[in-house]
Amino acid sequence: MSATSISYFQADVPLADCTTFHVPAQTRFFAEFDSIERLTELLQLADQQKIVRRMILGGGSNVLFTRNFDGLILRNRIGGIEVVGQDQDSIFVKVGAGENWHSFVEYCIKQNWAGVENLSLIPGSVGAAPIQNIGAYGVEVCQIIHSLQALDRRDHTLRTFAADECEFGYRDSIFKRGSRERYVIINVTFRLHRQPCFNISYAPLRQELERMNPDKLSLQVVAQAVINIRSSKLPDPRQIGNAGSFFKNPILPTNQWAELKLSHPNIPSYPASAGQTKVAAGWLIEQAGWKGWRHGDAGCYPKQALVLVNYGQARGQEILDLATQIIASVRAKFGITLEPEVNII
Ligand SMILES: Cc1cc2nc3c(=O)[nH]c(=O)nc-3n(C[C@H](O)[C@H](O)[C@H](O)COP(=O)(O)OP(=O)(O)OC[C@H]3O[C@@H](n4cnc5c(N)ncnc54)[C@H](O)[C@@H]3O)c2cc1C
């Protein structure tokens, strides 16, 4: 590697503070980009230097490093929030992929733009939100995505994806499947509503709103209710390392679910697409005896079994070993194979 390229890439950079799991690992090379031009330049340099493995990192709140990364990590810092259109009902807002998700939500609420309030306090960047179609409290981000722009790593061209081309599903999109390594999301355009259409169908959200007993429902009130619930049941990654839900809620064919319900009448479940039922993974894990389990600094969070935690010094491999044991025991007890939601590297 030449002296010039070394000045572009930092070498042997620790990653513990780059992810919310805070597990120890380091990357061979690291750089940040705040524009398409800079990203293209870095990718070309990586080609020249024959650095094969590359990974885009946002806030690091949905990744678990189980070993050192022998390649180049590029952290996205593309900013900017811009109104690009409006009509009678909607505001179209284009947001740089490196913007912080929750700061964007706060910004929308201040402007009185509706649609994102249920997604308050989700860590991470705007650019990662479409990757796994983030969702919470009855809302998924695909409901407010109009389009996005992504750089094709193969030929460095910019491509626009309309929302229906992203093939959004439950914690899923084409960017998490076949095109995982191919595109870098540069910006996302959201369609937000001028008039709120509150979604308070999720029972704990309704209960929290009843407890708060506001004079009237507003975007601020709904966002605050979501923040209250999240703060009471999820560990703050600044204090306890974690990546939120470690597993997806399994979706079963309704006949398999009906059979399960016969032997486990209390199993919490929700309707999914036609002929399918979503089952609460946290409940399955709890029933398998893992809630509150801890070995060394790796554990299963006592208030929410779906969240695996690093109490301090756990290594990524220890968290992965725990996840593997949980998968095996849930499969043995219920015949269901849990699938990780977190990206394991
Ligand atoms: C306490 C806590 C609570 C959470 N709650 C929720 C929740 O309620 N709902 C939910 O859906 N998720 C939740 N998450 C998970 C996480 O916040 C989201 O998945 C978030 O969108 C990840 O953003 P990030 O910027 O941190 O992504 P990262 O972790 O940095 O990256 C995640 C993946 O996306 C890729 N990636 C990131 N940016 C780009 C880009 N610009 N272009 C291409 N690829 C990219 C990365 O390579 C990686 O594969 C939670 C996490 C924590 C820690």
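Predicted model: local features only at pLDDT ≥ 70, side-chain atom pairs only at ≥ 80, totals over all residues.
Local features require pLDDT of at least 70 and side-chain atom pairs count only at pLDDT 80 or more, while totals for chains, interfaces and linings use all residues. Residues are numbered from 1 along each chain as its sequence is written.

The protein divides into domain 1 (3-76), domain 2 (81-193) and domain 3 (241-344). These bounds come from an automatic or database domain assignment. The C-alpha centres of domain 1 and domain 2 are 23 Å apart. Across this interface, 12 residues of domain 1 contact 14 residues of domain 2; contact requires C-beta atoms, placed from the backbone, within 7 Å. Helix H2 (residues 36-48) gives the largest share of the domain 1 side, with four residues. Helices (H or I, at least four residues) and strands (E, at least two) are DSSP runs, numbered from the N terminus. By class, the domain 1 side holds four nonpolar, seven polar and one charged residues. Here Ala, Val, Leu, Ile, Met, Phe, Trp, Tyr, Cys and Pro count as nonpolar, Asp, Glu, Lys and Arg as charged, and the others, Gly among them, as polar.

Strand E10 (residues 145-152) and strand E11 (residues 158-162) run antiparallel and are joined by five bridges. Two strands pair if DSSP finds at least two bridges between them. Ala150 has Arg159 of E11 as its bridge partner. Five residues lie between the strands of this hairpin, and His156 adopts a positive phi near 60°.

Helix H4 (residues 203-212) packs with helix H5 (residues 219-233). Their axes come within 9 Å and cross at roughly 110°. H4 is therefore roughly perpendicular to H5. Axes are lines fitted to C-alpha atoms, for helices over the stretch in contact, and angles run from 0 to 180 degrees between N-to-C directions. Angles under 35 degrees count as roughly parallel, over 145 as roughly antiparallel, 65 to 115 as roughly perpendicular and the rest as oblique. From H4, Pro204, Leu205, Glu208, Leu209 and Met212 meet Val221, Ala225, Val226, Asn228 and Ile229 of H5. This contact comprises eight nonpolar, one polar and one charged residues.

An open, antiparallel sheet of four strands has the order E13-E19-E18-E17. E13 and strand E17 (294-295) are at the edges with a single partner strand each, so one side of each has no neighbour in the sheet. Strand E18 (residues 298-300) pairs with strand E19 (residues 307-310) over three bridges. Cys300 is bridged to Leu308 in E19. Helix H8 (residues 316-334) lies across E18 and E19, at about 150° to E19.

A further open sheet has three strands, paired antiparallel in the order E14-E16-E15. Strand E14 (251-253) and strand E15 (269-271) form its edges, each pairing on one side only. The twist from one strand to the next averages 35°. Three bridges link E14 to strand E16 (residues 276-279), where Thr277 stands opposite Leu252. Helix H6 (residues 254-263) lies across E14, E15 and E16 and runs at about 95° to E14.

Around the ligand are 32 residues, of which Gly58, Gly59, Gly124, Gly127 and Gly244 come nearest. A residue is near if its C-beta atom, placed from the backbone, lies within 6 Å. Strands E3 (54-57), E8 (135-136), E12 (183-193) and E13 (241-245) each supply at least two shell residues. The shell has 17 nonpolar, 15 polar and no charged residues.

Notes
Contact = placed C-beta atoms within 7 Å.
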